[in-house]
Amino acid sequence: MGARILLFCLLLALPIAAQDSSCPVVKMAVEQLPDLNIPRASHQLFCANGEYVVAGGHTDGFVPTPTAEYFKDGRWHLMQMVYNHDLGCSTVLRSGKVLLAGGCPEPLGIGQSFVAEMYDPVTHSFSGFACMDQKRAGASALELSNGYVVIAGNWYHDDTIELFDGKKTFTHVKGTTVGRSGPFIFLTTHDDAIIFGGSSTKGDAIRCSVADRLKDGLNSIPLFERWHPIGCHTKRSAESFIGDMAKNLYTYLVAVMDSAGRVAIAKVENGNATLLPTLCPVPMTTKWGDIEYYSNIVADQKLGRAYLMGRNADLSTHPEKGLRHYVLRIDYADTTEQKSAPLTLYYSAPMHDVPDFTPTLTPDGQLLVAGGLTTALSNFAPSRHAYLLHVTNSQANLLKNNGGDLALWVWLALLAAAITIVISILVWKHRQCMASKQGKASFETTSIIKENSVTDLMYRINELMELEKPYLNSELKVNDIANVFHVHRNDISACINSLTGCTFAQYVNRYRIDYAKNLMRQEPNKKISQIWIESGFGSEQTFFKAFRAATGMSPKEWIVQKQS
């Protein structure tokens, strides 16, 4: 009885597991910002000059709004645009300015437009300066490495490909093989791009394996015969980039779905698509029901992570029963060495509404969602809410943002766990005594880890390693981790071995190697002797041996390869 109570209390402190138990599931802190001045959907959302900006779209009544807002000093500041760009396209240029073009000029999402304007985030001003070659709505835009911008896609109108010269001129390039609305546009070289995905110009499904190239005609993507790209209508393809232009690696991530409704992550590199290997399948359900993934992937190149948005598939679910944001974190960095990318599913507390809009990455690595269609999915009543989703050190942020209430809950949970541990020990000793009196040779105790899910303990260990970084202590022992979770050291070793195939030392050294790699990336001139000490290794010999085992190279060879 005492062991059961203990098990229950420990489960309270563990992350809630999805149906796919091999994927860690972590609660995410959600910070609600002040509401937008104007509710809006089919708008543009981006970060420019370190500020969050929403621009255009339509507001209540499905009426286009030629307004924009930027967030500064704790509030949204309203700006006047030249045009509304409802279902238009945008791209943040390397100059820092933002190109916005096209959109539906009439209420109810009717029509297309030629209009184009530029936003200057320094002066917070918009200027109409030219018109596109083709009137468009539902288009996508992407700046090439040579400074030109490729534009393609349309809604209820003919689709073509055109180029903006970065100054004032839009030029027709050619027609498209398949008319697309909201297509993906990914670079394949510094001055070429591939166009694929989205829907037809009238919203129907299309054959995604057939793609157009800006320069070289048709392109076939065999993977997309089975796995179809998914994402929001408004694409910001540049935010999905994970490559290295200096090395001519034009690599992007996109979420894909097969005919059975399963979701995976595809890597599109120089126009060729493969599935990204992951440590576990993309989780499709939680205790609150199925997950609907709906956004484009947003990458954080600084941390080597990318994010895919999701929400409850059953939008009729009442908030008290679990209407939630989900964020799938994809740790894509160094997958060629680690073989598979770890996945982590973040979930929010129940919320009033969960707008369906691709977030933008903030300067400090969080995700911003502002506006969009709510659970009612009505274009006549879009959302005015704005949320920051804390996906970097989420648990730490959760403690900070929720203050005393959460801290009290944590202390109460710990107190309850402590009491039940004492009760469990007394019960266990009593049973041992009774067994001894009855002449039994031994009393078979039940391990907490055997009663509990081994994967749950693994989640907690991984979370501890990521947030607290105990591996930076060169004297870290398995007993130190066991003491944190009040379990036997053998349970820790068995858990790590069964789920990772590693010994405790090998598991810890993985984190140390990753930390060392980050140091070498960020400070390539740092001495190796400093690298291994700061990464938590006890000796240079151990560092070199572990590094070569993980990468097949010495640290110096690895640095040269990364710089070449």
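**Close-up views of a predicted model**

**View 1. T189 stands opposite D192 in β18.** This is a predicted model, and we start at a hairpin that joins β17 to β18 through 2 residues. The two strands run antiparallel, with 5 bridges joining β17 to strand β18, which covers residues 192-196. How much of strand β17 is buried? Of the 6 residues in β17 (residues 184-189), 5 are buried, so the strand is largely enclosed by the rest of the structure.

**View 2. Rings from F184 to Y252 gather in one aromatic cluster.** Its members are F184, F186, F196, F224, F241 and Y252. Look for K235 here too: it lies over the face of F184, 4.8 Å from the ring centre. F184 also falls within strand β17 from the opening view, which takes in residues 184-189.

**View 3. Four strands line up as an open sheet in the order β21-β22-β23-β24.** The pairing in this sheet is antiparallel. Which strands stand at the edges? They are β21 (228-229) and β24 (272-275); each has a single partner strand, so one side of each is left without a neighbour in the sheet. Inside that order, strand β22 (residues 251-257) is joined to strand β23 (residues 263-269) by 7 bridges. Follow Y252 across to β23 and you'll find V268 standing opposite.

**View 4. Strand β7 pairs with both β4 and β8.** β7 spans residues 67-72 and is mostly covered, with 5 of its 6 residues buried. To strand β4 (residues 51-55), β7 pairs in the antiparallel sense over 3 bridges, and there A55 has A68 of β7 as its bridge partner. Strand β8 (residues 75-80) also runs antiparallel to β7, and 6 bridges join the two. What do β7 and β8 form? They make a hairpin with 2 residues between them, and D73 in the turn has a positive phi of about 55°.

**View 5. F129 and F164 form a tilted aromatic pair.** A search of the whole structure turns up 23 aromatic pairs. In the F129 and F164 pair, the rings are 5.6 Å apart, centre to centre, with 50° between the planes. The pair links distant parts of the chain: F129 belongs to strand β12 (residues 125-136) and F164 to strand β15 (residues 160-164), 35 residues apart. Is F164 buried or exposed? F164 counts as buried because its relative accessibility is 0%. F129, with a relative accessible area of 23%, is partly exposed.

**View 6. R324 lies over the face of W288.** Here's another charge over a ring, this time with R324 at 3.6 Å from the ring centre of W288.

**View 7. Helices α9 and α12 cross at roughly 50°.** In general, two packed helices are described by the distance between their axes and the angle between those axes. Here helix α9 (residues 504-522) and helix α12 (residues 555-563) have axes that come within 11 Å. The two helices are therefore oblique to each other. What is the handedness of the crossing of α9 and α12? The crossing is right-handed.

Methods
Residues are numbered from 1 along each chain as its sequence is written. This is a predicted model: local features need pLDDT of at least 70, side-chain atom pairs count only at pLDDT 80 or more; totals for chains, interfaces and linings use all residues. Side-chain values use heavy atoms; hydrogens and water are left out. Rings of Phe, Tyr and Trp (its six-membered ring) pair if their centres lie within 6.5 Å; planes under 30 degrees apart count as stacked, over 60 as edge-to-face and the rest as tilted. Buried means under 20% relative accessible area, exposed over 50%, partly exposed in between (1.4 Å probe, protein chains only). A charge sits over a ring if NZ of Lys or CZ of Arg is within 6 Å of the ring centre and within 35 degrees of the ring normal. Two strands pair if DSSP finds at least two bridges between them. Axes are lines fitted to C-alpha atoms, for helices over the stretch in contact, and angles run from 0 to 180 degrees between N-to-C directions. Angles under 35 degrees count as roughly parallel, over 145 as roughly antiparallel, 65 to 115 as roughly perpendicular and the rest as oblique. A crossing is left-handed if the near helix is turned anticlockwise from the far one by less than a right angle, and right-handed if clockwise.
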